[in-house]
Amino acid sequence: MKEIKITDTIKYIGANDKTLDLFESQYVIPNGVSYNSYVILDEKVTVMDTVDARATEEWLANLENVLDGRTVDYLVVSHMEPDHAANVQRLIEKYPNMQVVGNVKTFNMISQFFAVDLEGKKVVVKEGDTLNIGSHTLQFFMAPMVHWPEVMVTYEQSEKVLFSADGFGKFGALDVEDEWTCEARRYYFNIVGKYGVQVQNLLKKAATLDIQIICPLHGPVLKEDLAYYIEKYNIWSSYNPEDEGVLVVYASIHGNTGTAAKKMAEILREKGAKEVVVMDLARDDMSEAIEEAFRYDKLVVASATYDNGVFPCMEDFLAHLKAKNYQKRKVALIENGSWAPTAAKQMKAVFEGMKAVEICDSVVTIKSVMNEDNIRSMEKAADELMV
């Protein structure tokens, strides 16, 4: 992998993984993912997190190359999820005099993952504590539930570097050229999205710091236009729409509900919607659908009735929205059913349990195949949605 330059004294030792098909066993990652780890070379050599077990040997080789015969004095553990902490025990065994830096919750979790004796090896830190390692001083800020309870971030004061744990991360290996925002957005809403309040709290802490570089645990090191990335996180974590537009999602058994959804999209475009995205929940990636739902300010859900309920892929979509704290949006409903359409009532009940979601009064009910009356109902629902 091409060398990733951070500073003269802070080195990148992470690894790319293009062999993993599903991140966290549920998110498709066609361009892979990076497991980021860093070393600060100073009077005390400090490793910032380890990597997933899938990349152990490459990571150890990178570490040894950077150390050039030196030993490791400290390991800072910012997040205990296995894609970052799988090699904690391996490093402790390799460098028996190394101290492990974490908070109380970190050490509780280490004992759950590893059978390792940390007697005399713990450096327990709390909010605002500092650790001097020579010319560098590390300051620790707790970030509970971003997105695990033990998470903390580290600010290096002399070079103004924020080691941001999973914050500001994205899908995609580092040797892949892709646009940051799309895959960072999909990563954020599907993994961290539920914890907007906690992210807002962390952003308030970050606002008090002079940050010149952000080093996340996934994705590229961020050095330029940091205000752009921070503003995106502010929008996402406050649940405000990022763009004006409509996501139309449908769950169709034989294609008739899909036809109606596409017609609704056509009507919305004719009425001046800035952007209209149509997704088939039975075939399109669910994490992409969740990302788009949070991106736009309006949503149309169209579902066939199935076993007196909602078609399963729509049910799954709604469950994901609820789990990720979907809010501050406007929603229109389309249902289909050959003898007893009930999908709209049940979808509406889910949205009513969400915060600040406005549901259009105009519900489109189709019985089997869309007709002219249905199209007129869609026109009415589109007018209401666009207000």
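**A helix pair, then strands and charges**

Reply: Start with helix α6 (residues 196-206) and helix α7 (residues 226-237), which pack at an angle of about 145 degrees with their axes 9 Å apart. Helices here are DSSP runs of H or I with at least four residues, strands are runs of E with at least two, and both are numbered from the N terminus. Axes are lines fitted to C-alpha atoms, for helices over the stretch in contact, and angles run from 0 to 180 degrees between N-to-C directions.

This is a predicted model, in which local features need pLDDT of at least 70, side-chain atom pairs count only at pLDDT 80 or more, and totals for chains, interfaces and linings use all residues. Residues are numbered from 1 along each chain as its sequence is written, and side-chain values use heavy atoms, without hydrogens or water.

Back to the helices. The α6-α7 crossing is left-handed, meaning that the near helix is turned anticlockwise from the far one by less than a right angle (clockwise would be right-handed). From α6 come G196, V197, V199, Q200 and L203; they meet I230, Y233, N234 and S237 of α7. Contact here means heavy atoms within 4.5 Å. By class, five of these residues are nonpolar, four are polar and none is charged. Nonpolar covers Ala, Val, Leu, Ile, Met, Phe, Trp, Tyr, Cys and Pro; charged covers Asp, Glu, Lys and Arg; the others, Gly among them, are polar.

Now the strands. In strand β18 (residues 296-306), 10 of the 11 residues are buried, so β18 is largely enclosed by the rest of the structure. Buried means under 20% relative accessible area, exposed over 50%, and partly exposed in between (1.4 Å probe, protein chains only).

What does β18 pair with? Two strands pair if DSSP finds at least two bridges between them. Strand β16 (residues 243-251) is a parallel partner of β18, over seven bridges. There, V248 has V300 in β18 as its bridge partner. Strand β20 (residues 327-336) also runs parallel to β18, joined by seven bridges. S303 stands opposite E335 in β20. Strand β19 (residues 309-310) pairs with β18 in the antiparallel sense, over two bridges. Y306 has G309 in β19 as its bridge partner. Two residues lie between the strands of this β18-β19 hairpin, where D307 takes a positive phi near 50 degrees.

Charged pairs come next. Side chains of opposite charge can pair when their charged atoms come close. A salt bridge is a side-chain nitrogen of Lys or Arg within 4 Å of a carboxyl oxygen of Asp or Glu. By this rule there are 25 salt bridges.

D297 and K298 form one of them, with the closest N and O atoms 2.9 Å apart. Both D297 and K298 are buried. E244 pairs with K274, the closest N and O atoms being 3.8 Å apart. This pair links distant parts of the chain, 30 residues apart: E244 sits in strand β16, and K274 in the loop between α8 (256-270) and β17 (276-280). K274 counts as exposed, at 64% relative accessibility.

D373 and R376 form another salt bridge, at 2.2 Å from N to O. Both lie in helix α12 (residues 372-386), three residues apart, about one turn of the helix. D373 is partly exposed, at 46% relative accessible area.
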